[in-house]
Amino acid sequence: MKHGVYAALLSLLAVATLTGTAYADAMRGKKLHDQQCIACHASRFGNNGAEIYTRSDRRVTSLEGLNKQVNRCKNNLSITWFDADVNDVVEYLNATYYKFKE
């Protein structure tokens with residue numbers, strides 16, 4: 001019986017891992033973004049910092065690249081976010097600026 005329960009839990013974990021941002025919350029991502037990202041972006045890029053997402057020479061060109069960039073910024077600034085937090089920020093940025101298809 002224990003093995004069946006463990007197998008079911010592992011299956012659920014595998015599905016959750018494969019879906020990645022399927023359950024991401026863009027509203028929560030906006031809050032995290034506004035708390036952690038805007039100050040740095042505004043100081044480096046002017047105005048409200050959002051220009052980095054809309055400039056013609058932006059480096060991010062895919063959803064995978066966006067995820068990597070958010071993680072890179074998180075790590076460089078030593079922001080303590082869980083994977084779900086990163087997924088929420090990626091979801092917000094993608095829904096608001098990038099519009100990449102999965």
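How many nonpolar, polar and charged residues does the lining of the largest pocket have? The lining has 14 nonpolar, four polar and five charged residues, where Ala, Val, Leu, Ile, Met, Phe, Trp, Tyr, Cys and Pro count as nonpolar, Asp, Glu, Lys and Arg as charged, and the others, Gly among them, as polar. The model is predicted: local features need pLDDT of at least 70, side-chain atom pairs count only at pLDDT 80 or more, and totals for chains, interfaces and linings use all residues. Residues are numbered from 1 along each chain as its sequence is written, and side-chain values use heavy atoms, with hydrogens and water left out.

Of its 102 residues, 27% count as buried (buried means under 20% relative accessible area, exposed over 50%, partly exposed in between, with a 1.4 Å probe and protein chains only). Among contacts with a separation of 6 or more, 64% join residues 24 or more positions apart, a contact being heavy atoms within 4.5 Å.

The largest pocket holds about 450 Å³ of space. A pocket is an open set of points on a 1 Å grid over the protein atoms alone, where a 1.4 Å probe fits, with protein on both sides within 12 Å along at least five of seven lines; lining residues have an atom within 4 Å of a point. The volume is the space filled by probe spheres set on the points, which are joined across faces, edges and corners. Of the 23 lining residues, H41, R44, I52, Q69 and C73 lie nearest the centre. Helix 3 (38–45), helix 4 (51–54), helix 5 (63–76) and helix 6 (83–98) each give two or more residues to this lining, and helix 5 gives the most, with six.

L66, Q69, V70 and K74 of helix 5 are buried. They lie on the same side of helix 5 because they cover an arc of only 135 degrees around the axis, taken from the directions from the helix axis to the C-beta atoms. These buried residues pack against helix 6, while E64, N75 and N76 are exposed on the face turned away from the buried side.

N48 is in the loop between helix 3 and helix 4. Beyond its neighbours within four places in sequence, N48 contacts I38 and A42.

Terms used
Helix = DSSP H or I, 4+ residues; strand = E, 2+ residues; numbered from the N terminus.
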